[in-house]
Structures are given as structure tokens and as C-alpha cells.
Amino acid sequence: MGMTAASASEERRLRRGLKSRHLQMIAIGGAIGTGLFLGSGGTISQAGPGGALLAYAAIGIMVLFVMQSLGEMSTHLPVAGSFHTYGTKYVSPSFGFAMGWNYWFNWAITLAAELVAAGVIMSFWLPDVPSWIWAAVFLILLAGLNFLSAKAFGEGEFWFAAIKVTAVLSFLVLGVLMIFGILGGTSPGMSNWTTGEAPFVGGWMSVISVFMIAGFSFQGTELVGVTAGESENPRKDMPRAIRTVFWRIMLFYIGAIAVIGFLLPYTDPSLLASANNEDITASPFTLVFERAGIAVAAGMMNAVILTAILSAGNSGLYASTRMLYAMAKEGTAPRLFARLNERGVPVMALLATAMIGLFGFLTEIMGDGGAYTWLMNVSGLSGFIVWVGIAWCHFRFRRAYVRQGHNVADLPYQAPLFPIGPVIALIMLIVVIIGQNVQAIVNGQLLQVASAYAGLPAFLLLWVIHRIVTGRRSRMAALDDMDVEGLEIKAS
């Protein structure tokens, strides 16, 4: 009977149940979370409104190039293991091994960070209940949702994201009305852009220092690369998601930062508290509504923030589960994690990833703000490493594709700015990774340095150890011999 069950498991496969609207909202939902609702206040207090806008715009342009690179590869080869598969085929098996485990770690830790934040947000209504209890409850809820089919996950995430998008659009509309003095009393005008050192506070060093927060905010846009493996029609839906999602997210972030910059001075004590993680519930979104005299809206905004946090955690659990499954299928993770249930869900990979969510219980040990900051920093650097991998894989893939005599016009989607796009993205990402926490190094804050850069040595160690163990089998793929074949998927 054991052999029969094993055979049945082998015959099962991921089901392509995600529609175009699911892909677009999953990408938006993965990117709109604590980075926007909680992290934006810290960026403005550190770099001023102008510095925050510049940081988000620069990171946004970089992400555009990364998304274009991802779009070209994921439409040509739409598989659940995306980054792991691309790294293995287009660079080397060792690089793909490190990429896959790094991405799994990135989103598994992001899940834990979101659980930390969710527990803190719940204290808005129930301050006497320990936040770790809420972290446990939400972990069980998210694991339960992911236990359902991919289609059910996509539908749930669609509505989660719709709530967030509606909230941000409402914030932008109300914010503009407040800026012009139509709502909430006297408008501050341009005063918050000229007070103190504004609009740029602390010069270039401050702008660079908030790059990591801005980058963490945009992380999640690459989720469409993972969902390609369960998309009904990736050749049609993926390019559409790539083209539209980026600009929508940029509108939300740039618009929100501008509104906050007009309405709240960078010296606001609440923003400073948020920057120092003394009270991460001091969301600038909530503050704006409170100062407009809309007390009920402030409570509603906290509910929206909770929805955003759970949505991002839900997407993270999905992405890391699929990555662990794909690695198991290709032999770079224990075979156990390749098991699927009758609904095509990799349950063992799901359970293993959910266990990482137990890091959310660090709230009880380290304190809410400290745990949240540590987890966000570790996850943030891992995300930058993934983007480096995407840009490098695309650069090598396109060169090999052309060298082997293929016509670029045959690709379902072509990155319009190749090779400039991936090259610029690589340079910017390397600068950000190296210089993201220079201030902490200068100040001798060793604990902050360790938490911020922990992901880099871990990635390199995985790469080197795998290379040593596998030897010649893991040499870098030659452009002439690289496997650049795509995957033809018929529309459902």
C-alpha cells in the first residue's frame, strides 16, 4: 500500500488554477504590506520627505528592470521553482541551490515578521492579550488557507489585496483633500517640506540608509515569477501582470509618501518613535486620519493594516512553500517536500515553512519592536540577493539564447531595455547591499550590522559548500551549452 500511495503522489502535480486577475493582485498584495503602512514613517523621519521620495523612486526604477528580466524568463519557462530553476540552468547548479534556499528563507522569515506585526496591531483593540498569542492564531489561520487549492489561495489573496488597494486609494484621495484644506482643518501647505533640514535630511547617507526599507517595501513584486507555475495561461497573463503591476505599486508608494510628507513633518514625535521601533503601531496612515478628526477611520485603518499584514504573510507562505517543493522535485531539498495532496498542494513543504513562522514568538522574548526590526533586516537583504540573481540570470540567458541562434522575437515577452536594464539593476543592487547600513558600521553598532548583513554570508556559504560537494558537476554553464529551451503551456 505504501508503494501505491507513493505512485499516486508522483502522478499528482501542481494545478494551473490561477487566473490573470489573481496574478496581478497577488503581486500587488505581496508588495503592499508593513513596508508601506508601517515602514514609510521611518523613512520620512530619517531622510525627510524629499529623501524618502528619492529613495523609493530609485528603488522603484531598479525593481522595474528586475521585473522586466523576470518577465522574459518566466514567460519563456513558467515553472514554480522559477529563481531556483533559472539560477541552476543559466548560472550554475550551486548558484541555483543557494538562490532557492535563500528565497525560501527570505519569505519564511517574512512570514515570521508579519506575524510579529500582526500581534502588535491586535493590541490596538485588545492590549491585555499577549501579542505572541495572536501570532500563533494567525499562523494557524494562514497555514489553513494555504492547505486549500492554489485557486482558493488566489481567490482569497485577490480579495485581501482588493481591500488594501481600496484603502490606499482612499488614503490618497482624503490626503489630497487635506493638503488643499478641504478636509481636516487648515492645510500645512509646503511648510513640512521646508522645516528644519527638509526636504533632504542628512544628505546622501540618509537616502542610502532608507534604501533597504524601500527595497523591503517593494519585495513581493517578484511573486509573479513563482505563481507562473500555477498560472492558467502564463504566456498571456505574465506579461500583462509585469506591465501593469509595477506602475500601480509605484503610484501607491510615491503617492502615499508625498501625501505623508505634506501632512506630517519629519520631526513628528510619532514618526520618530516609529523609526526607533518604540511603537510600530504609529502608522503614518493612522496618524493622518486621527489628525483629521476621524477617530473611526483610524480604527478602520488599523484593521486594513492587519489585513495587509496577513495578506503579505499569506503570500510569503505560498511562495516559500512552492520554492521548497520545486527544490525537492529537482533533488536539492529532501524528497519528502515534493509530496502533493489530492488538491495539488505540497503539504509537507507547507508544514515545514509554517514552522519557521514560530519565529513570531520572538515578540515575547525580544519585545515587539526589536523582533520586528531584526526579522525585517534579515529578510530585506535576502530579497536583494534574489533580485541580484534574477538580473544576472537574465543577462546570461539572453546572451546564450542569441548565441545559440535563437530569435529574440520568438520570446513571449522581451525585456525592452536589455542589456542596460539588468546591468543597471545589478550595479544598483550591489551598491545597496554593500552600503545599506554604513551608518551602523561607522557608529560601531555591531548588533545592527550583524542583523542587517546576516543573509549575505549565509547565501555565499550555501553556494560555496554546494560547489565543493558537487565539484565539476556544478561548474558555471557555458553560453554555447546552456539549456535555453522553454516550456510550452496550452491555455486552459
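How are helix 6 and helix 22 oriented to each other: parallel, antiparallel, perpendicular or oblique? The legends below take up that point and a few others in this predicted model.

**View 1. Helix 6 crosses helix 22.** Here we look at helix 6, residues 93-122, and helix 22, residues 455-470. Their axes come within 8 Å and cross at roughly 140°. An angle over 145 degrees would count as roughly antiparallel, so this pair is oblique instead. The crossing of helix 6 with helix 22 is right-handed. From helix 6, the contact draws on Pro 93, Ser 94, Phe 95, Phe 97, Ala 98, Met 99, Trp 101 and Asn 102. Helix 22 answers with Phe 459, Leu 462, Trp 463, His 466, Arg 467 and Thr 470.

**View 2. Helix 5 packs against helix 6.** Staying with helix 6, we now bring in helix 5, which covers residues 82-90. The axes of helix 5 and helix 6 come within 6 Å, with a crossing angle of roughly 165°. Helix 5 is therefore roughly antiparallel to helix 6. This crossing, too, is right-handed. On the helix 5 side, look for Phe 83, His 84, Gly 87 and Thr 88. They meet Pro 93, Phe 95, Gly 96, Phe 97, Met 99, Gly 100 and Tyr 103 of helix 6.

View 3. Thr 353 sits in helix 16, which runs over residues 347-356. Is Thr 353 buried or exposed? Its relative accessibility is 0%, so Thr 353 counts as buried. The side chain of Thr 353 reaches back to the backbone oxygen of Ala 349, at 2.8 Å. Leaving aside residues up to four places away in sequence, Thr 353 touches Trp 104, Ala 108, Leu 111, Leu 317, Ser 320, Thr 321 and Leu 324.

**View 4. The whole chain, for orientation.** Stepping back, the chain holds 22 helices and zero strands. Of its 492 residues, 59% are buried, and Thr 353 is one of the buried residues. Among contacts between residues at least 6 apart in sequence, 83% join residues at least 24 apart. The accessible surface of the chain comes to about 18800 Å², and carbon and sulfur atoms account for 67% of that area.

Definitions and conventions: Residues are numbered from 1 along each chain as its sequence is written. This is a predicted model: local features need pLDDT of at least 70, side-chain atom pairs count only at pLDDT 80 or more; totals for chains, interfaces and linings use all residues. Side-chain values use heavy atoms; hydrogens and water are left out. Helices (H or I, at least four residues) and strands (E, at least two) are DSSP runs, numbered from the N terminus. Buried means under 20% relative accessible area, exposed over 50%, partly exposed in between (1.4 Å probe, protein chains only). A polar contact is a pair of N or O atoms within 3.5 Å; within protein, one must be able to donate a hydrogen and the other to accept it, and residues adjacent in sequence count only if both atoms are side-chain atoms. Contact means heavy atoms within 4.5 Å. Accessible areas come from the Shrake-Rupley method with a 1.4 Å probe; for residues, only the protein chains shown count as cover. Axes are lines fitted to C-alpha atoms, for helices over the stretch in contact, and angles run from 0 to 180 degrees between N-to-C directions. Angles under 35 degrees count as roughly parallel, over 145 as roughly antiparallel, 65 to 115 as roughly perpendicular and the rest as oblique. A crossing is left-handed if the near helix is turned anticlockwise from the far one by less than a right angle, and right-handed if clockwise.
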